[in-house]
Amino acid sequence: NTIFHDNGIWLPFNNTISQFCFRNNIPSIISTHGMLEPWSMDNKKIKKKIAWFFYQRENLISAKVIHATSEMEAKNILKLNLGVPVAIIPNGVNMPNKDELKKNYNIESIGLKNDGRKIMLFTGRIHPKKGLLNLLKAWLYSSDYLKNWRLVIVGFPEGDYIKELISFSKKNNLDNSVDFLGPLIGKDLINIYRNSDIFVLPTYSENFGLVVAEALSYGLPTLTTQGTPWSILEIENAGWWCKPTIEDLVKNLKTISNLNGIDYLEMSENAFKISKNYNWNDISLSFFDLYQWILGFEKKPAFVIN
């Protein structure tokens, strides 16, 4: 028995896979990874409308199941009236082991001076969608009460957006409190997580936000936006879930700057507890159940909706 599980849409390669599965009667699952979210659909809108008309809608309709990583993403997919079941399975992370959580990491080995200031961390793609210019503006307007903080931006730059961010930082004298580190992997990435205090994802739109789950696994209370499905952060007192605006970011940065040690520790513990829901070992079992149902060996899982 064969199932084809494709990740992503829009590319000619994705279209080829869908057409192959349809012609050969092979059941397929498509993980859209946020590519059907309203913000994403509006990005390069004309090209996507053409692709939607000629092949993308039909490819999705021919799938056995569409995979969404959150209820928010699933609702947006259902609004498209494709008539295809949607499986809600979150992304998973590999939880840090005990050694990674106990070991002391020297932050200077990744190019940051250890000056005693607290660190607010962003990791991810350096892309306009991520709202980083909004964050820098909010950081500038909050500079009076962020004197004991620094913002560290880690990730792969896409296009000229990084130049715009660096230019804004220099023009507004943020060089002393904002660091651009570029991409980090492996032990270097663990290093920055372990030396950070708060995680921030100021994005306009995110179907899941894997970096949030990753940050939570290191016990980092997280500030993110309502463009993500992470309302649980406020429900479980593990962070802040605000509008993707400069004003709301400023308000929450001020709250973070006034956080006392006891409250911070409680939020950190809550963050780590939440992250256990996204352990990849458990998430993988949900995919196995989904495959078994598609092949006719098991009943429809509760996380599949129509």
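User: Before I look at any sheet, what makes two strands pair?

Analyst: Two strands pair if DSSP finds at least two bridges between them. Strands (E, at least two residues) and helices (H or I, at least four) are DSSP runs, numbered from the N terminus. This is a predicted model: local features need pLDDT of at least 70, side-chain atom pairs count only at pLDDT 80 or more, and totals for chains, interfaces and linings use all residues. Residues are numbered from 1 along each chain as its sequence is written, and side-chain values use heavy atoms, with hydrogens and water left out.

User: In what order do the 6 strands of the open sheet stand?

Analyst: The order is S7-S6-S5-S8-S9-S10, with parallel pairing. Strand S7 (178–182) and strand S10 (239–242) are the edges, and each pairs on one side only. From one strand to the next, the twist averages 20 degrees.

User: How many bridges join S8 to S9?

Analyst: Strand S8 (residues 198–201) and strand S9 (residues 222–225) run parallel and are joined by 3 bridges. Look for Leu201, which stands opposite Thr224 in S9.

User: Which helices lie across these strands?

Analyst: First, the terms. Contact means heavy atoms within 4.5 Å. Axes are lines fitted to C-alpha atoms, for helices over the stretch in contact, and angles run from 0 to 180 degrees between N-to-C directions. Helix H8 (residues 186–194) lies across strand S5 (118–123), strand S6 (149–154) and S8, at about 135 degrees to S5. Helix H9 (residues 210–217) lies across S5, S8 and S9, at about 175 degrees to S8.

User: Which way do side chains point from a strand such as S2?

Analyst: In a regular strand the side chains alternate between the two faces of the sheet. From strand S2 (residues 28–31), Ser28 and Ile30 point one way, and Ile29 and Ser31 the other way. All are buried; buried means under 20% relative accessible area, exposed over 50%, and partly exposed in between (1.4 Å probe, protein chains only).

User: Which strands pair with S2?

Analyst: Strand S1 (residues 4–7) runs parallel to S2, joined by 4 bridges. Phe4 stands opposite Ser28 in S2. S2 also pairs with strand S3 (residues 65–68) in the parallel sense, over 3 bridges. There, Ile29 stands opposite Val65 in S3.

User: What counts as a salt bridge?

Analyst: Side chains of opposite charge can pair when their charged atoms come close. The rule is a side-chain nitrogen of Lys or Arg within 4 Å of a carboxyl oxygen of Asp or Glu. By this rule the count is 7. One of them joins Glu158 and Arg125 (3.3 Å, N to O). Glu158 is in the loop between S6 and helix H7 (161–171) and Arg125 in the loop between S5 and H6, so the pair ties together parts 33 residues apart in sequence.

User: What does Glu206 pair with?

Analyst: Glu206 meets Lys130 in a salt bridge (2.8 Å, N to O). Glu206 is in the loop between S8 and H9, Lys130 in the loop between S5 and H6, and they are 76 residues apart. Both Glu206 and Lys130 are buried.

User: Where does Lys129 lie, and is this residue buried or exposed?

Analyst: Lys129 lies in the loop between S5 and helix H6 (132–141). Lys129 is buried yet has no salt bridge. Lys and Arg count as positive, Asp and Glu as negative; His and the chain ends are not counted. The nearest side chain of opposite charge is Glu206, 4.7 Å away. Leaving aside neighbours within four places in sequence, Lys129 has contacts including Trp39, Ser40 and Tyr204.
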